[in-house]
Amino acid sequence: MNIGIVGLGLIGGSLGLDLRSRGYQVLGVSRQEHTCQRAIARGAVDDASVNLTLLAAADVVFICTPLSAIEATVIQLIPHLAATTILTDVGSVKTSVVDSITSRWPNFVGGHPMAGTAENGIEAAQSDLFAGKPYVLTPTASTPPVAIETLELLVRSLGAHLYHCRPEDHDRAVAWISHLPVMVSSSLIAACMSETDPTTLELAEALASSGFKDTSRVGGGNPELGLMMARYNRSALLRSLAAYRNQLDQIMAAVEQENWDGLVDKLKQTQQGRSRFVK
């Protein structure tokens, strides 16, 4: 198969590195000529261009643009595709993407690799980024079976753990374990920065270690990604934020009332519950 990739950043570049190493011909498109040349030099693609016409020969195309650009990219891409070409994306929100693209291109399978780093751009691309990580496909009742089977083959070749679910189920799930943590982590950083005493703030900065590093990591990531999570998964994110606020209120009440037994019960519950999400 010839594989096309639109967007040669961390995810697109990493897909290219892995798929080329498995014998596929990979064609890439980026807005920047410099990125195209770096992708070729790094071995992420066999050929690259700023022009979508390069992908006319692709059997499968991965759309690896920001969420806000997926629909516009597909509209521009469609005139260059064969009717049998399979499209997929890597966006972290699925319902809005699947709804907008399926009506334009029935041979579309929503996708979301749950992998990444704090870095971005083609220089951050790495081999085996998806190995051992979840990769979700969100086909609908009208998705052609051959499109699903082809994407399954490619995902398994990456060494990823394949999951299927409905787009709306995906969005509610990632609101809990991906989108909410970004907002919580961002709020943690903002709360610390609100300290008005310079001496205390300077000391906190000096003493911050692995615990703060772990809990603040996703809040210190790309602001554009956080914005897209909130904008395109607004309902599910608000639902998770409300539940989180309720949990904070319970902890505040326990501390204010010196209800230490209640607080330790809560901490025991979360200690035991963490293993359900972190294997």
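Predicted model: local features only at pLDDT ≥ 70, side-chain atom pairs only at ≥ 80, totals over all residues.
The model contains an open sheet of 6 strands in the order 3-2-1-4-5-6, with parallel pairing. Strand 3 (47-49) and strand 6 (108-109) form the edges, and each of them pairs on one side only. In general, the strands of a sheet are paired through backbone hydrogen bonds, in either a parallel or an antiparallel manner.

Strand 4 (residues 60-63) pairs with strand 1 (residues 2-6) in the parallel sense, over 4 bridges. Within this pairing, Gly 4 has Val 61 as its bridge partner, and Val 6 has Ile 63. Strand 4 is also paired with strand 5 in the parallel sense, again over 4 bridges; here Val 60 stands opposite Ile 86 of strand 5. Both faces of strand 4 are covered, with Val 60 and Phe 62 buried on one side and Val 61 and Ile 63 buried on the other.

Helix 1 (residues 10-21) lies across strand 1, strand 2 (25-29) and strand 4, and runs at about 165° to strand 1. Helix 3 (residues 67-77) lies across strand 1, strand 4 and strand 5 (86-89), at about 150° to strand 4. Together, strand 4, helix 3 and strand 5 make a β-α-β unit that is right-handed.

The largest nonpolar core comprises 35 residues, of which Ile 3, Leu 15 and Phe 62 have the most contacts inside it. At least two residues of this core are supplied by each of strand 1, helix 1, helix 2 (33-41), strand 4, strand 8 (134-137) and helix 5 (145-157). Helix 1 provides the largest share, 5 residues. When its neighbours within four places in sequence are left aside, Leu 15 is in contact with Ile 5, Phe 62, Cys 64, Val 90, Phe 130 and Leu 158.

The cysteines were considered last. A disulfide is a covalent bond between the sulfur atoms of two cysteines. The count of disulfides in the model is 0. For Cys 165, the closest cysteine sulfur is that of Cys 64, at 18 Å, and a bond is therefore ruled out because this is too far. Cys 165 counts as partly exposed because its relative accessibility is 25%, and Cys 192 is likewise partly exposed, with a relative accessible area of 33%.

Terms used. Residues numbered from 1 in each chain as written. Heavy atoms only, no water. Pairing = 2+ DSSP bridges. Contact = heavy atoms within 4.5 Å. Axes fitted to C-alpha atoms, helices over the stretch in contact; angles between N-to-C directions. Core = buried A, V, L, I, M, F, W, Y, C linked by side-chain atoms within 4.5 Å. Buried < 20%, exposed > 50% of the residue type's maximum accessible area, 1.4 Å probe, protein only. Disulfide = S-S within 2.5 Å. Right-handed = clockwise from strand over helix to strand, strands pointing away.
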